[in-house]
Amino acid sequence: MKTAVAFAVCACVVILVCAAVEQKSKNCNEVRTAYSSKGFNINDVPNKGVHGAHLKVCPEGFSCCTLEMEEKLSQQSRSDLKAPVSQLSSNLQNTFTQRHQHFDQFFKELLNNAEKSLHDMFVRTYGVMYVKNAELFKHFFHELRRYYASGSAAVHLDTMLADFWAELLERMFRLVNVQYEFTDTYMECVSRHTEQLKPFGDVPRKLRLQLTRAFVAARTFTLGLALVPDVVNKVSTVSASPSCVRAAMKMLYCPYCTGQVALKPCKNYCLNVMRGCLANQADLDTEWNNFLDAMLSLAERLEGPFNFESVMDPIDVKISDAIMNMQENSMQVSQKVFQGCGQPKPTFRSRRSTKDSSFPGRFRPYSPDARPTTAAGTNMDRLVTDVKKKLKHAKKFWSTLPETVCVGERVAQGDECWNGTAKSRYESVVMGNGLANQVSNPHVEVDITKPDVVIRRQIAVLKEMTSWLKAAHSGNDITFDNEEDGSGEESGSGCDSPSCDNDDMYFSTPPPVKPRMVSPEKTSSSGVRLTSCSLVLALAGLTLALLAPHTR
């Protein structure tokens with residue numbers, strides 16, 4: 001008797017619970033609350049469930065959705081699909097926008113500090129002689145800034161440096177020979193003989209190697225950092241296809257229509273939808289990773305032999321060394337010039353004016369610890385270390401987007417999840433990444449014969465930048481087609497030899513010149529090719545110098 005009563009009580013409880021659940025599902029109260037929380041009119045939701053035969057996306061049967069609701073939720077699903085991808089993309093954009101600003105500011109301030117340091121030290125050391133010729137050095141730094149800003153389309157570094165040394169030679173030659181008058185024609189002759197005279201010793205060659213490699217690397221690396229947010233921004237403008245929006249609606253909001261507002265999609269179901277929706281973006285991955293590898297490789301150069309900071313900090317001392325070398329060898333240089341270009345006409349100056357024209361002293365020894373402070377708040381090594389971590393973290397960004405989106409509260413683990421039709425286990429095979437792998441995607445129809453034009457363009461841009469980075473890694477500057485006439489001309493020091501890995505760039509040896517490179521050894525210091533007549537004149541002058549006594 002007791003057993004029968006207990007059984008009857010249990011049966012009643014089960015019936016009442018089932019009735020309550022059925023009543024709860026049929027009245028759509030939870031759906032009304034969830035729907036209105038999305039900003040929609042609560043009156044769109046029926047008070048009780050209706051048959052879903054009228055719906056275009058969600059399953060038939062009991063439904064708390066009308067056709068109007070389904071259309072609104074489809075638009076919401078488009079936003080919901082874009083939101084996590086946009087957030088991840090925005091984070092990546094912000095990260096590299098900041099790193100680009102840090103590097104750009106750092107390089108510019110190093111240039112400013114180097115110019116200020118040279119000016120202050122030259123005023124103390126050379127006094128009025130420097131002040132009268134300060135515009136030469138000001139122009140030198142101005143041209144370096146122009147190159148950093150606009151590249152070889154604006155300034156050819158080798159030519160600019162050759163012109164600088166030629167102009168410096170002309171001015172110094174006049175200063176150390178104030179007792180003579182020199183015509184413009186005579187000074188042109190002096191400039192043509194600069195290669196043979198080597199009045200500044202080996203400093204011009206060494207500084208050319210250092211500046212070219214450091215500036216090419218710094219400029220190209222900064223362009224690479226600027227490209228990251230630009231590519232991400234353009235790719236983020238690619239809109240979802242109608243098939244993708246339909247699949248997202250079915251995954252995210254069809255549970256609402258069945259009255260199961262808390263039910264989350266199965267993880268593998270989410271992966272298939274997202275891999276179908278982001279198929280074109282995933283195809284960026286190969287060139288994206290190649291680009292990041294090239295950036296990391298160039299970053300290693302910036303830490304070592306192409307260190308912009310170690311080149312710019314002591315540039316005042318190196319130019320001073322060249323000046324002192326010219327001063328110490330002024331008699332020999334002058335004699336060779338007089339024998340090659342002819343004896344100049346004497347002029348009349350007082351002893352006082354002649355004495356005032358001499359160079360008064362040397363610079364203090366350069367101390368590597370005395371580095372300038374920049375507003376970037378750090379030095380090159382720390383900047384590079386930081387950006388390398390960010391570059392490594394950004395690898396495979398596009399191919400892993402589906403996995404990054406389908407995590408946490410967006411999906412349900414196990415079998416208690418929405419599989420597209422009911423609360424049950426998801427059985428379909430997970431597709432691979434990329435356009436070609438979406439042929440059999442069960443949820444998103446993808447036309448693999450029509451890749452997205454915007455993304456294909458960004459793939460081409462990444463490939464082009466990668467070639468620039470690789471050229472910069474070898475110390476070469478490729479004339480950018482979009483900056484000039486598209487001739488494809490390359491220039492630079494070339495750096496495929498082991499000497500490029502030597503931390504002491506100042507004493508490295510120049511590597512062999514490659515094809516299609518502009519070789520500074522083939523031009524004079526003034527940037528003009530020596531004529532055969534000039535060569536003969538130079539050889540004759542050197543021969544006379546060996547035979548004649550050195551008199552002043």
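Tutor: What follows is a conversation about this structure, from the whole chain to single residues.

Student: What kind of model is this, and how are residues numbered?

Tutor: This is a predicted model, in which local features need pLDDT of at least 70, side-chain atom pairs count only at pLDDT 80 or more, and totals for chains, interfaces and linings use all residues. Residues are numbered from 1 along each chain as its sequence is written, and side-chain values use heavy atoms, with hydrogens and water left out.

Student: How many helices and strands does the protein chain have?

Tutor: The protein chain has 22 helices and seven strands. Both are DSSP runs numbered from the N terminus, with helices being H or I of at least four residues and strands being E of at least two.

Student: What share of the residues is buried?

Tutor: Of the 552 residues in the protein chain, 48% count as buried. Buried means under 20% relative accessible area, exposed means over 50%, and partly exposed is in between, with a 1.4 Å probe and protein chains only.

Student: And how much accessible surface is there?

Tutor: The protein chain has an accessible surface of about 27200 Å², and 54% of it belongs to carbon and sulfur atoms. Such areas come from the Shrake-Rupley method with a 1.4 Å probe; for residues, only the protein chains shown count as cover.

Student: What about contacts in the protein chain?

Tutor: Among contacts with a separation of 6 or more, 80% are between residues 24 or more positions apart. A contact means heavy atoms within 4.5 Å.

Student: New topic: how many disulfides does the structure hold?

Tutor: The structure holds seven disulfides, a disulfide being a pair of cysteine sulfur atoms within 2.5 Å. One of them is formed by Cys 28 and Cys 64, whose sulfur atoms are 2.0 Å apart.

Student: Is that disulfide of Cys 28 and Cys 64 left-handed or right-handed?

Tutor: The torsion about its S-S bond is about -85°, so the disulfide of Cys 28 and Cys 64 is left-handed. Cys 28 lies in the loop between helix 1 (2-26) and helix 2 (29-37), and Cys 64 in the loop between strand 2 (62-63) and helix 3, so the pair ties together parts 36 residues apart in sequence. Both cysteines, Cys 28 and Cys 64, are buried.

Student: Which disulfide is right-handed?

Tutor: One of them is that of Cys 244 and Cys 277, because its S-S torsion is about 110°. This pair links distant parts of the chain, with Cys 244 in helix 10 (residues 242-252) and Cys 277 in helix 12 (residues 267-277), 33 residues apart. Cys 244 and Cys 277 are buried.

Student: What about Cys 266 and Cys 417?

Tutor: A disulfide joins Cys 266 to Cys 417, S to S 1.9 Å. Its torsion is about 90°, so this disulfide is right-handed. Cys 266 lies in the loop between helix 11 (254-257) and helix 12, and Cys 417 in the loop between helix 20 and helix 21 (453-473), so the pair ties together parts that are 151 residues apart in sequence. Cys 266 is buried at a relative accessible area of 3%, and Cys 417 is buried at 0%.

Student: Let us turn to the rings. How many aromatic pairs are there?

Tutor: The count comes to 27 aromatic pairs. Rings of Phe, Tyr and Trp (its six-membered ring) pair if their centres lie within 6.5 Å; planes under 30 degrees apart count as stacked, over 60 as edge-to-face and the rest as tilted.

Student: Why is the pair of Phe 107 and Phe 308 edge-to-face?

Tutor: The ring centres of Phe 107 and Phe 308 are 4.9 Å apart and the planes are at 65°, so the pair is edge-to-face. Phe 107 and Phe 308 are both buried.

Student: Which residues do ring pairs link into a cluster?

Tutor: The cluster includes Phe 122, Tyr 126, Tyr 130, Phe 137, Phe 140, Phe 141, Phe 164, Trp 165 and Phe 200.

Student: Finally, where is Lys 198?

Tutor: Lys 198 is in the loop between helix 8 (194-197) and helix 9 (203-236). Its phi is positive, about 45°, although Lys 198 is not a glycine. Lys 198 is exposed, with a relative accessible area of 52%.
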